[in-house]
Amino acid sequence: MKALYCQQNSAGEEITFVFQERENLPVTRDNDVKIQVKACALSWTDIKLLSEMKMKKEFLPVGREIAGVVLEVGSKVSFFQPDHEVVGILPLDSEESGLCEVALVHEHYLVHKPEKVPWVEAAGTIRDGLRAYTALHYLSHVSPGKTVLVMDGASPFGTIAIQLAQHRGAKVISTAYSLEDKQYLERLRPPAGTRQPLIARVIDVSNGKIDVAESCLEETGGLGVDIVLDAGVRLYSKEDESTLKLQLLPHKHDIITLLSIGGHWVTTEKNLQLDPPDSHCLFLKGATVSFLNDEVWNLSNVQQGKYLCILEDVMEKLSNSIFRPQLDEPVPLYEAKVSMEIVQKNQARKRQVIQF
């Protein structure tokens, strides 16, 4: 039985992905669930984070968002039985690769998959749904009437965030990184029976001539945006950063400018630096900055109940067509190495899913 792992030989070297033959699985422990994997979504492997958390090994398992059928359960498992259909995210310190036909998972990382949800959609949506809930519910408290700016709305995460914000009654503005992305976002339609358009305005930033802050202030009558979900920001002056980054990403000052009074900026920029004038401007607005790191849910057992509730809610919204994910065509396991290399280089515009 083969499984995919990533390997980094020494610091600074590019990581490589390798298939390794697995011997028999370890014995199923009391709280373990043995799963026959049906689909596994691919996401970027953060080697630096794993190193900082002392989880780095020579071979790191790859593929953490899985959906499959329960084969066997441990003696203390209470939520699942053989033949149940499940979906979940393997924890950061998991020894298991999701890109393997069979995996052992602790029951507290799994939820039931609704019967009508396809395997590929379940695995391909679970992490983006978790990220969207974390950003919009727990970090910025989205509610009806709020205005939400989703940067790079045509990305897999952006698409789910837009759909969740609209479902909660928020007005959504989004940026597009290409004409193709703009057309995709303009074609997005809310679920049947919803009158409100899914996106109030799509801002095409691909030519570098549109001022995002100006466009958002114009759309909100000068009041600003209540919630901003960025997809990275420019931190430095023009000569320090690449032309592509200059063209697509807003400067941190632009985001601070377009925030409303009491607004929330949710950032994915782990190296964000705010100078005293930036902090003073945020203080005057009573605005907040939050960092989006969806891994925090599994770093404390206190959050376990909330975490499982989020996963269940994501599956329910997928089942009810409130979430309609941005997925690429599924690929077989033998192509997983190539697909993972594309994901690791951030070259995939749609969520990549391996189907077994």
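**Overall architecture and the setting of P26**

The protein exposes about 16,800 Å², of which carbon and sulfur atoms supply 50%. The model is predicted. Buried residues account for 53% of the 356 residues in the protein. Secondary structure consists of 10 helices and 15 strands.

The overall dimensions were computed from the C-alpha trace, which spans about 60 × 50 × 40 Å along its principal axes. A compact globule of 356 residues would have a radius of gyration near 21 Å; because the protein has 21 Å, its value agrees with that expectation. Of the contacts between residues at least 6 apart in sequence, 74% join residues at least 24 apart.

P26 is placed in the loop between strand 2 (16–21) and strand 3 (32–41). The relative accessibility of P26 is 44%, and this residue therefore counts as partly exposed, since the partly exposed class lies between the buried limit of under 20% and the exposed limit of over 50%. When residues up to four places away in sequence are not counted, P26 touches E96 and L104. A170 lies 144 residues from P26 along the chain, and the C-alpha atoms of the two residues are separated by 48 Å.

Methods: Residues are numbered from 1 along each chain as its sequence is written. This is a predicted model: local features need pLDDT of at least 70, side-chain atom pairs count only at pLDDT 80 or more; totals for chains, interfaces and linings use all residues. Side-chain values use heavy atoms; hydrogens and water are left out. Helices (H or I, at least four residues) and strands (E, at least two) are DSSP runs, numbered from the N terminus. The radius of gyration is taken over C-alpha atoms; the globule rule is 2.2 Å times the number of residues to the power 0.38. Buried means under 20% relative accessible area, exposed over 50%, partly exposed in between (1.4 Å probe, protein chains only). Contact means heavy atoms within 4.5 Å. Accessible areas come from the Shrake-Rupley method with a 1.4 Å probe; for residues, only the protein chains shown count as cover.
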